[in-house]
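Please keep the coordinates open while reading.

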Amino acid sequence: MRYAQGGGLTDAERATRERIRLRAVERFEGGEKNREIATALRVSERSVERWRRQWRERGEAGVLSKGSPGRPRLSEEQIARLERELDRGPLVHGWEDQRWTLARVKTLIGRLFHVGYTVEGTWALLKRHGWSWQQPTRRAIERDDQAVELWKKEVWPRVKAPRRLGEPGWSSRTKPGRP
């Protein structure tokens, strides 16, 4: 089945689908053929074949819903613990500096709660709970402004792709001046 732009099924729709699969199991046990079951339940024959295979391999548990495929969620207690751990800082958790990157927060969530998030999912989680990205209030002491200027003047022009010199192109296939 193809899902609408919004994604998968709601919990109610998932429960309805599960009831249909369980009706199919009753018919499997009654010895009915796939075509008859598909017609009676108004589903495709291929779906019935897949359900029968899952039923043979794992019994009724094979056709039960596996739940929402949505993002893993942390409980409110877990969110509170995560915030406490973030407040303690990255040094406490084994990183060599005081920067919380999304990759580090993702790793911390995995270590603490054994839940996998993507970097993007980590950012969405942090935003939902009021966290924001941080920017240093002042420049690093180690910054060498003269070296930066020198790099801009000497290195960057060599690295930067050269501009195409020449005349403007034509969108027409015919050359100018031809009738």
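On helix H2, the exposed residues Arg-35 and Thr-39 sit on the face turned away from the buried side of the helix. This is a predicted model, and the description below should be read accordingly.

The buried side of H2, which spans residues 34–41, consists of Asn-34, Ile-37, Ala-38 and Leu-41. These four lie on the same side of H2 because they cover an arc of only 100° around the axis. The cover over the buried residues of H2 includes helix H1 (11–29) and helix H3 (45–58). After H2 comes Arg-42, which has a positive phi, near 60°.

The two helices just named as cover also pack against each other. Two packed helices are described by the angle between their axes and the distance between the axes. For H1 and H3, the angle is about 70° and the axes are 10 Å apart. An angle from 65 to 115 degrees counts as roughly perpendicular, so H1 is roughly perpendicular to H3. On the H1 side, the contact is made by Ile-20, Arg-21, Ala-24, Val-25, Phe-28 and Glu-29, and on the H3 side by Val-48, Trp-51, Arg-52 and Trp-55. Sorted by class, the contact of H1 with H3 has seven nonpolar residues, three charged ones and no polar ones.

Leu-22 is also part of H1. Its relative accessibility is 23%, and therefore Leu-22 counts as partly exposed; the buried class requires a value under 20%. Leaving aside residues up to four places away in sequence, Leu-22 touches Glu-60, Val-63 and Leu-64. Leu-64 is 42 residues from Leu-22 along the chain, and the C-alpha atoms of the two are separated by 7.7 Å.

The crossing of H4 and H5 is right-handed. In H4, Gln-78, Arg-81, Leu-82, Glu-85 and Leu-86 meet Val-105, Leu-108, Ile-109, Leu-112 and Phe-113 of H5. By class, this contact of H4 with H5 has seven nonpolar, one polar and two charged residues.

How values were computed: Residues are numbered from 1 along each chain as its sequence is written. This is a predicted model: local features need pLDDT of at least 70, side-chain atom pairs count only at pLDDT 80 or more; totals for chains, interfaces and linings use all residues. Side-chain values use heavy atoms; hydrogens and water are left out. A crossing is left-handed if the near helix is turned anticlockwise from the far one by less than a right angle, and right-handed if clockwise. Helices (H or I, at least four residues) and strands (E, at least two) are DSSP runs, numbered from the N terminus. Contact means heavy atoms within 4.5 Å. Ala, Val, Leu, Ile, Met, Phe, Trp, Tyr, Cys and Pro count as nonpolar, Asp, Glu, Lys and Arg as charged, and the others, Gly among them, as polar. Buried means under 20% relative accessible area, exposed over 50%, partly exposed in between (1.4 Å probe, protein chains only). The arc is that of the directions from the helix axis to the C-beta atoms. Axes are lines fitted to C-alpha atoms, for helices over the stretch in contact, and angles run from 0 to 180 degrees between N-to-C directions. Angles under 35 degrees count as roughly parallel, over 145 as roughly antiparallel, 65 to 115 as roughly perpendicular and the rest as oblique.
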